[in-house]
Amino acid sequence: MNCVTRQHLERAERIVAKARNAGGLAPIDLERFWDADAKAHADPFAPDCPQMPLGLRMSPECVYSELGLPEAWYQLWHDDTYWRPLARRYNDESERIVGRRLLDEKTNRFQMHRWPEIRQLHDIFEGRNAWHEESFSYWLHPAAETEDELKALLDRVEQRLENLRACLLPTDWAEQKARLITERGPIPPYRGQRGPVTFAMSIYGVENLIFLIMDNPDLAARYRDVIIRTMLERARILDEEAGLTPTNTPHGWGWW
């Protein structure tokens, strides 16, 4: 049964006509919308919550289509001097259209590459992170392919955990730290990581991890526990280097 009536079509046509008259924009009171959105984020379950909170936030990739520019992904990941002008241009447009500057003009979500001196979790597990231009991103390559190789790898990681700071930070860290903070801002706390199963598969292989869990659950559990210990110790060291304490450290964690 067709539930669309002539009245529905006429109403839709009026809305489209209004949008065309406004340069393609929907007729909306932006200040009222953002005020209601702020209230919704403050308490989305309040009885008087005016609307659903807007969860969508723009990420750096949007600049190419929105600004009509050729894609330059390696620069987007690594070059802040390239990224920041694009973010400003995008925000000038977004502010005109929706009344807000939607992109962070200081850093983008690939901020991890601004601190290459601090080794990542995959470095500790000897995974090779290689740039692939075809997919515009890094791909993590395995560090072990057999159970014996995985056992040996975990032995080495556990040895590093005895003094992870020496593995995590460069030998001249004391000299570099002040310069890097001046150039790049505060040391970023470790509050996000590639998903644990994805990371484990990246280091050991997809099928290998599945068979390991089925055939050798004790080694799989050891692998899991070493990943957890390494993540917690890495977070503790970076919090300490950033001057964070249990009373002022940021809460929360994210997987990607």
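How many residues does helix 12 have, and how far does helix 12 reach from its first C-alpha to its last? In this predicted model, helix 12 has 25 residues and reaches 36 Å between its end C-alpha atoms, close to the 36 Å expected at 1.5 Å a residue. Just after helix 12 comes Gly243, with a positive phi of about 80°. Helix 1 covers residues 6–21, and at 1.5 Å a residue its 16 residues should span 22 Å; the end C-alpha atoms are 23 Å apart, so the two values agree.

Residues up to four places away in sequence aside, Tyr223 touches Phe125, Leu150, Leu154, Phe199, Ala200, Ile203, Tyr204, Leu209 and Leu212. As a general background, nonpolar side chains tend to be buried together in soluble globular proteins.

Leu161 lies in helix 7, and its relative accessibility of 13% is under the 20% limit, so Leu161 counts as buried. Beyond its neighbours up to four places away in sequence, Leu161 touches Arg229, Thr230 and Glu233. For a sense of distance across the model, Leu161 and Pro47 are 114 residues apart in sequence, and their C-alpha atoms are 50 Å apart in space.

Attention now turns to the open space in the model. The second largest pocket holds about 440 Å³ of space. Of the 18 residues that line this pocket, Tyr90, Ser94, Ile97, Val98 and Leu102 are the closest to its centre. Helix 2 (30–42), helix 3 (62–67) and helix 5 (80–98) each supply at least two residues of the lining, and helix 5 gives the largest share, with five residues. By class, the lining of the second largest pocket has 14 nonpolar residues, three charged and one polar.

Helix 5 also holds Asn91. Is Asn91 buried or exposed? Asn91 has 0% relative accessibility and therefore counts as buried. With neighbours within four places in sequence left aside, Asn91 is in contact with Arg101, Leu102, Leu103 and Glu105. Among these contacts of Asn91 is Leu102, which is also one of the residues closest to the centre of the second largest pocket.

Glu126 lies in the loop between helix 6 and strand 1 (128–132), and has a positive phi of about 65° although it is not a glycine. At 29% relative accessibility, Glu126 counts as partly exposed. Phe136, found in the loop between strand 1 and strand 2 (137–141), likewise is not a glycine but has a positive phi, of about 60°. The relative accessible area of Phe136 is 34%, so Phe136 is partly exposed.

Leaving aside neighbours within four places in sequence, Ala130 is in contact with Ser137, Tyr138, Trp139 and His141. Ala130 and Leu180 are 50 residues apart in sequence, with 24 Å between their C-alpha atoms.

Finally, strand 4 (residues 254–255) contains Trp255, which is partly exposed, with a relative accessible area of 47%. Which residue lies 63 residues from Trp255 in sequence and 5.5 Å from it in space, C-alpha to C-alpha? That residue is Gly192. Beyond neighbours within four places in sequence, Trp255 is in contact with Gln193, Arg194, Gly195, Pro196 and Met231.

Key
Residues are numbered from 1 along each chain as its sequence is written. This is a predicted model: local features need pLDDT of at least 70, side-chain atom pairs count only at pLDDT 80 or more; totals for chains, interfaces and linings use all residues. Side-chain values use heavy atoms; hydrogens and water are left out. On a 1 Å grid over the protein atoms alone, a cavity is a set of points where a 1.4 Å probe fits but cannot get out, and a pocket is an open set with protein on both sides within 12 Å along at least five of seven lines; lining residues have an atom within 4 Å of a point. Grid points are joined across faces, edges and corners, and a volume is the space filled by probe spheres set on the points. Helices (H or I, at least four residues) and strands (E, at least two) are DSSP runs, numbered from the N terminus. Ala, Val, Leu, Ile, Met, Phe, Trp, Tyr, Cys and Pro count as nonpolar, Asp, Glu, Lys and Arg as charged, and the others, Gly among them, as polar. Contact means heavy atoms within 4.5 Å. The expected span of a helix is 1.5 Å times one less than its number of residues. Buried means under 20% relative accessible area, exposed over 50%, partly exposed in between (1.4 Å probe, protein chains only).
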